[in-house]
Amino acid sequence: MPASPSTARAINDRLALRLLQREGPLTAGRLKELTGLSRPSVADLVERLRDAGLITVVGEAGERRRGPNARLYGIVADRAHLAALDVRTESVAVVVADLLGRPLAEASLPMGDGTGTGRAVERAVALVERTAGAGGATRLHTVGVGAPGLIDPATGDLRDSAGLPAWHRRLVAALTERLPARVLVENETNLAARAEQRDGAAHDQDTFVLLWLGAGAGAAVVLDGVLRRGASGGAGEIGFLPVPGTGGLPTATACDGGFHSLAGSAAVADLAADHGLKAEPEPGELPAAALVRHAVDTGHAPFLAALADRVAIGAASVAAVLDPGCVVLGGELGRAGGEALAARVAERVAAMSPLPTEVRASALGGAAVLRGALLTARDAAQEELFATGA
């Protein structure tokens, strides 16, 4: 059945807003070309969106053009403000942005081992509030949170996980109570994959696996453009994958003896020590990432070969089960290894697996989690505002 006039108008409005989001400011004439709508229909939708406070005139197109036809319309970026958090075991990073996802203020805060749960939560929430104030955001609409651990697919909540600080779970509830804002939490590796697909190394891939190499080892699975979380939210917990060369097996509560013991930062630091490597980390840099970066800079082939042997075990295992065709080496270590590590891993995977698997270096590294959290907050806020005009 044909759509009702009100439904057709809503569809056209959403289409115009998506075009303005993707293309930036556009004239009414350009909107007409891109939407295929008539000039009167475009004029009506522009008026509706202006009345709803979603778009406004942001300039004119070209110096020679004047008048109504030259007006450039753009999304009202300060209609809503967003925040994104990257919650690590020992730190929190936050960025506050406008509705288009343009950063307005950023900050980070270390969390020492001796910081109690209540104090850690209070310091993290206060950091968000201060950063929002610095960015001119009097009220936050949506907050995206990236954290290690499993997300319950039924509730969307961060599940209790052994080895992770208790303040991680309590932080989400505290943010919801204090701001108030819509708070969305997602596993950090999944957010990194989203960022790499949107803005990074997997921008041309609908199916790929992000192999996260950081303090721990994890993976995010994207199949046919859809992030796959698994029945319990644990898809990609590759740190628990039993592998040769660790001298043991993982348990239900600890990933020691699994792939984590080959490719986690502590294991990589030990491997570097075995090869006599030393490096001074930059501020905020993982010591293991500094060692990998130093090995790449100095062309330390033996260490890079040994590291590639380890990473390839995880990459080949993923290829054998999922056949993703592309594996991105993400996280701080993947970023530090760059193309030098990715090329070595690709050679080893090709020798181990009959399935063609491209191996790429991360384009975003450790920044991918925060970027993914911001994309999540932005998309959710736009979905709500663009649907209701609220």
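Biologist: Why is Arg378 called buried rather than exposed?

Modeller: Arg378 has 11% relative accessibility. Buried means under 20% relative accessible area, exposed over 50%, and partly exposed in between, with a 1.4 Å probe and protein chains only. So Arg378 counts as buried.

Biologist: What are the ground rules here?

Modeller: This is a predicted model, where local features need pLDDT of at least 70, side-chain atom pairs count only at pLDDT 80 or more, and totals for chains, interfaces and linings use all residues. Residues are numbered from 1 along each chain as its sequence is written, and side-chain values use heavy atoms, with hydrogens and water left out.

Biologist: What makes Asp379 and Arg378 a salt bridge?

Modeller: Their closest N and O atoms are 3.4 Å apart. The rule asks for a side-chain nitrogen of Lys or Arg within 4 Å of a carboxyl oxygen of Asp or Glu. The pair therefore qualifies. Asp379 is buried too, at 18%.

Biologist: How many salt bridges does this rule give?

Modeller: The count comes to 20. One network links Asp86, Arg88, Glu188 and Glu332.

Biologist: Which salt bridge joins distant parts of the chain?

Modeller: Asp309 with Arg348, at 2.5 Å from N to O. Asp309 sits in helix α10 and Arg348 in helix α11 (residues 331-352), 39 residues apart. Helices (H or I, at least four residues) and strands (E, at least two) are DSSP runs, numbered from the N terminus. Asp309 has a relative accessible area of 42%, so the label is partly exposed.

Biologist: What does Arg360 pair with, and where is Arg360 found?

Modeller: Arg360 lies in strand β12 (residues 358-361). Its side chain meets that of Glu358 in a salt bridge of 3.0 Å, N to O. Arg360 is buried at 13%, whereas Glu358 is partly exposed at 38%.

Biologist: Why is the link from Arg360 to Asp204 called a polar contact?

Modeller: The side chains come to 2.7 Å. A polar contact is a pair of N or O atoms within 3.5 Å; within protein, one must be able to donate a hydrogen and the other to accept it, and residues adjacent in sequence count only if both atoms are side-chain atoms.

Biologist: What makes a nonpolar core?

Modeller: Buried Ala, Val, Leu, Ile, Met, Phe, Trp, Tyr and Cys residues, joined through side-chain atoms within 4.5 Å. The largest has 40 residues; Phe303 and Leu329 are among those touching the most other members. Helix α10 (residues 301-322) gives the most, with 10 residues. Apart from this core lies another of 31 residues, including Trp167.
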